[in-house]
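Here are my notes on the model, written for someone who has not seen it before. Please read them with the structure open.

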Amino acid sequence: MTTIEFTVHVLVETGQAAVNGRYDAAEPYAISFGFPGADWAISRDMLAEALRDGQAGIGDVRVTARGDLITVGLSSPDGCGWVVFRRDDLAELVSRTFDTVRPGTEGDALDWSAAAEVFPGVSFR
């Protein structure tokens with residue numbers, strides 16, 4: 001399977017950081033970001049929607065695009081946080097993921113063999 005790695009410079013509450021954006025075609029619905037001390041997996045469709053429409057998400061994850069910046073806000077019962085990306089960096093990363101697994105074909109990229117073992121006789125296509 002194809003994996004994309006992309007270094008992105010971001011602003012976080014404590015200052016600046018270089019984070020590793022990672023997209024694995026075997027997990028086609030999410031882009032993961034390696035932050036100091038934490039990994040976040042964010043829906044690539046949500047990121048694409050925010051790039052297109054200016055905002056996306058409800059509840060614990062919200063993405064807002066304004067001008068050259070994209071803000072991702074996360075909240076949980078344990079706390080909240082945010083990170084600011086450059087729009088161009090995030091747009092390039094999302095575009096590269098779409099080149100790898102086209103939108104609407106994510107299910108074709110998934111390996112259903114483990115599920116088929118648990119549910120014999122069930123078709124996952």
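1. Buried is used here for a relative accessible area under 20%, exposed for one over 50%, and partly exposed for what lies in between, with a 1.4 Å probe and protein chains only. The model is predicted, so local features need pLDDT of at least 70 and side-chain atom pairs count only at pLDDT 80 or more, while totals for chains, interfaces and linings use all residues. Residues are numbered from 1 along each chain as its sequence is written, and side-chain values use heavy atoms, with hydrogens and water left out.

2. Overall make-up. The protein has four helices and eight strands, in the order β-β-β-β-α-β-β-β-β-α-α-α along the sequence. Helices (H or I, at least four residues) and strands (E, at least two) are DSSP runs, numbered from the N terminus. Of the 125 residues, 32% are buried. The protein exposes about 7,600 Å², with 51% of this supplied by carbon and sulfur atoms; the areas come from the Shrake-Rupley method with a 1.4 Å probe, and for residues only the protein chains shown count as cover.

3. Eight strands form an open sheet in the order 4-3-2-1-8-7-6-5, with antiparallel pairing. Two strands pair if DSSP finds at least two bridges between them. Strand 4 (38-43) and strand 5 (55-56) stand at the edges, each with a single partner strand, so one side of each has no neighbour in the sheet. Helix 2 packs on the sheet and touches strands 1, 2, 3 (30-35), 6 (61-66), 7 (69-76) and 8; its direction makes about 160 degrees with that of strand 1. Contact means heavy atoms within 4.5 Å. The axes behind that angle are lines fitted to C-alpha atoms, for helices over the stretch in contact, and angles run from 0 to 180 degrees between N-to-C directions.

4. Strand 1. In a regular strand the side chains alternate between the two faces of the sheet. In strand 1 (residues 3-12), Ile4, Phe6, Val8, Val10 and Val12 make up the covered face, and Thr3, Glu5, Thr7, His9 and Leu11 the uncovered one. Strand 1 runs antiparallel to strand 2 (residues 15-24), joined to it by 10 bridges, and a hairpin of two residues connects them. Valine 8 is opposite valine 19 of strand 2. With strand 8 (residues 79-86), strand 1 pairs antiparallel over two bridges; there leucine 11 has valine 84 as its bridge partner.

5. Is threonine 97 buried or exposed? Threonine 97, in helix 2 (residues 87-100), has a relative accessible area of 0% and is therefore buried. Leaving aside residues up to four places away in sequence, threonine 97 touches Ile4, Tyr23, Ile31 and Arg44. A polar atom of the threonine 97 side chain lies 2.7 Å from the backbone oxygen of valine 94.

6. Aromatic residues. The structure holds three aromatic pairs. The ring centres of phenylalanine 33 and phenylalanine 35 are 6.4 Å apart and the planes are at 45 degrees, so this pair is tilted. Rings of Phe, Tyr and Trp (its six-membered ring) pair if their centres lie within 6.5 Å; planes under 30 degrees apart count as stacked, over 60 as edge-to-face and the rest as tilted. Phenylalanine 33 is buried at 1% relative accessible area, and phenylalanine 35 is buried at 10%. One aromatic cluster is formed by Phe33, Phe35, Trp40 and Phe85.

Notes: A polar contact is a pair of N or O atoms within 3.5 Å; within protein, one must be able to donate a hydrogen and the other to accept it, and residues adjacent in sequence count only if both atoms are side-chain atoms.
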